[in-house]
Every structure is written in C-alpha cells, then in structure tokens.
Amino acid sequence: MTPLVTTAVLIAAVTHAGWNAIAHRISDKLVGFTLIAGGGMLIGLVMVPFVPFPASGAWPYLIASAVIHVVYYVLLMRSFRLGDFGQAYPIARGTAPLVVTALAAVFAHEVPDGWAASGIALSCAGLTGVALWGLRGRRPNWAAIGAALATGLSIAAYTVVDGLGVRASGSSLGYIAWLMAIEGVVVPAYAAYRWRGELFSVLRPFAAVGLLGAALSVAAYGMVLWAQTRAELAPIAALRESSVKSGSYSITCPWQTAPLRLG
C-alpha cells in the first residue's frame, strides 16, 4: 500500500467516524439516517452528470451494494438504539476486517502475507479491546452486541462487493455517485411514508447537521473506493478501522460543549 493510499484511508477513517458520531447525536435515529442517506442521494445525483458512467460489469455489484447498505443502515440504527456508542461502534467496525479477509480470499483471490495478516489481527484485537474495556463492571447487553456484530457482517459484505464493483466500473467517482444515488432512496422513502405530510417539519431542526453527516459519509466512502482500486481489500478494511482504537481521538461537534469520545 503506497503512502498516498494509506493517507487517504486514514482520512476516510476519521471522516467516517465523524458521520457516525453525528448520526448518534441525533436522538431520533430515523431522522439522522434519513438526512444522511437522503443527503448522500442528492450529492450523488448532482455528481452523476459530471462523472463517467460505470461499466456494465459494475452494475450487479452496485445493486447488491445498495441493498446491503440499506440493511447496514437498519442494523446500525438498531445498534445505536440498543447500546452505548463507545461499545456498538468498535464491535461493528472490529468485526469487519476479519470477515473481509476471508471473503476477499474467496472472491478476489487476495490472501494477505504474514505482515498484513498480523496487522489485520492486531487491528481487530485492538477494536475488540476497546469494546471490552467499555463493558468493564457492567452486564453485557447481548441484544446490542448481537446487533453490532450483525452490523459488522453487513460492513464486510458491502466492503467486498464494492471493492469488486469499483474495480469493474472503470471510475471510482462514477461508482460512488451512482451508489449514493441508488442506496439513498429507501430510508427517506420510508420516512416520507411514516411521517406523511410532516416530513420536512420533522427533519428541519436537524437538517444542517444531518446534511453535514451526508457530505462526510460520501467523502469518506469515496476515498475508500478509490483506495480499493489501488490496494488489497483486507488491509484497507483494517486500516480504515484504526480511527476508533483505544479512544485515541475525539470529535468536537458544534451542538455540544464537550468533545464526544469515540470508543
């Protein structure tokens, strides 16, 4: 992995954690994810006329990824409702790299060497340690842990699907634009059905921060997709999760006076 790719993935990791923090801080999770998914859809639609159209071989991956991302949103919302962010987030993110390693070996024929495998294992162990440390002195919330693990499996699934899809697309920008445009329809459509006639009034108080989350989401995943065209999937997945290890960073959000500790 080149220094440029490594830097892009690390920036994507922090950016991704930022939009997850925003989603968590909006108390109504459906509101948060409606704004993030819907904002991502709008960004994708704006990009579409200006980016290359994905090659035909990428479209089965695009459709599959859009479905998996909707499942991911549902599971992540459930994880945030059931459990503490500092536990749910590292469990969800820490599960993914090991599963990506196995899936990439089968579907992309990418088997990491000894050093890469050790790094992936260390990354997952660090994230597991963050979650276990947060559980000290408390009874585990098994429903929340189960939802977080399922979220991790969905992350692994879309990571591999998109890694193969973006390589087949011929353009990482074209792929991210169409992915956002397609996957962003479902959650806002459900919200519009649920809040018939009241959608905009429900979303308006959180619109600015939610759309910021959408922009961070698109930017983060766009960088990851670009990186997946230039390096193996499993090391990228492990490096991407480094942003939540050991509670080593915090994000100060404009609507709170104290920094939000991630992990």
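Author: What follows goes from the overall layout to single residues.

Author: This is a predicted model, so local features need pLDDT of at least 70 and side-chain atom pairs count only at pLDDT 80 or more, while totals for chains, interfaces and linings use all residues. Residues are numbered from 1 along each chain as its sequence is written, and side-chain values use heavy atoms, with hydrogens and water left out.

Reader: How many helices and strands does the chain have?

Author: The chain has 11 helices and 2 strands. These are DSSP runs, numbered from the N terminus: helices are H or I with at least four residues, strands are E with at least two. From the N terminus on, the order is α-α-α-α-α-α-α-α-α-α-α-β-β.

Reader: And what share of the residues is buried?

Author: Buried residues are 55% of the 263 in the chain. Buried means under 20% relative accessible area, exposed over 50%, and partly exposed in between (1.4 Å probe, protein chains only).

Reader: Which residues have the most contacts inside the largest nonpolar core?

Author: Trp 19 and Phe 33 do, in a core of 60 residues. A nonpolar core is a set of buried Ala, Val, Leu, Ile, Met, Phe, Trp, Tyr and Cys residues joined through side-chain atoms within 4.5 Å. Helix H3 (residues 59-82) gives the largest share of this core, 8 residues.

Reader: What is Trp 19 in contact with, leaving aside neighbours within four places in sequence?

Author: Its partners are Phe 33, Ile 36, Tyr 72, Tyr 73, Leu 76, Gly 213, Leu 216 and Ser 217. Contact means heavy atoms within 4.5 Å.

Reader: Different topic. Which residues form a salt bridge?

Author: Arg 167 pairs with Glu 110, and their closest N and O atoms are 2.6 Å apart. The rule asks for a side-chain nitrogen of Lys or Arg within 4 Å of a carboxyl oxygen of Asp or Glu, and the count comes to 1 salt bridge.

Reader: Which parts does the pair tie together?

Author: Arg 167 is in helix H6 (residues 142-169) and Glu 110 is in the loop between helix H4 (85-107) and helix H5 (114-135), so the link joins parts that are 57 residues apart in sequence. Arg 167 is partly exposed at 32% relative accessibility, and Glu 110 is buried at 10%.

Reader: What about His 109, buried or exposed?

Author: His 109 is exposed, with a relative accessible area of 68%. This residue is also in the loop between H4 and H5. Most residues other than glycine have a negative phi.

Reader: Back to H6. At what angle do H6 and H10 pack?

Author: H6 and helix H10 (residues 207-228) pack at about 65 degrees, with axes 9 Å apart. The axes are lines fitted to C-alpha atoms, for helices over the stretch in contact, and angles run from 0 to 180 degrees between N-to-C directions.

Reader: Which residues meet there?

Author: From H6 there are Tyr 158, Thr 159, Asp 162, Gly 163, Val 166 and Arg 167, and from H10 Tyr 221, Leu 225 and Gln 228.

Reader: Last one. Where is Val 70, and what is Val 70 in contact with, leaving aside neighbours within four places in sequence?

Author: Val 70 is in helix H3 and is buried at 17% relative accessibility. With those neighbours left out, Val 70 is in contact with Glu 183 and Val 186.
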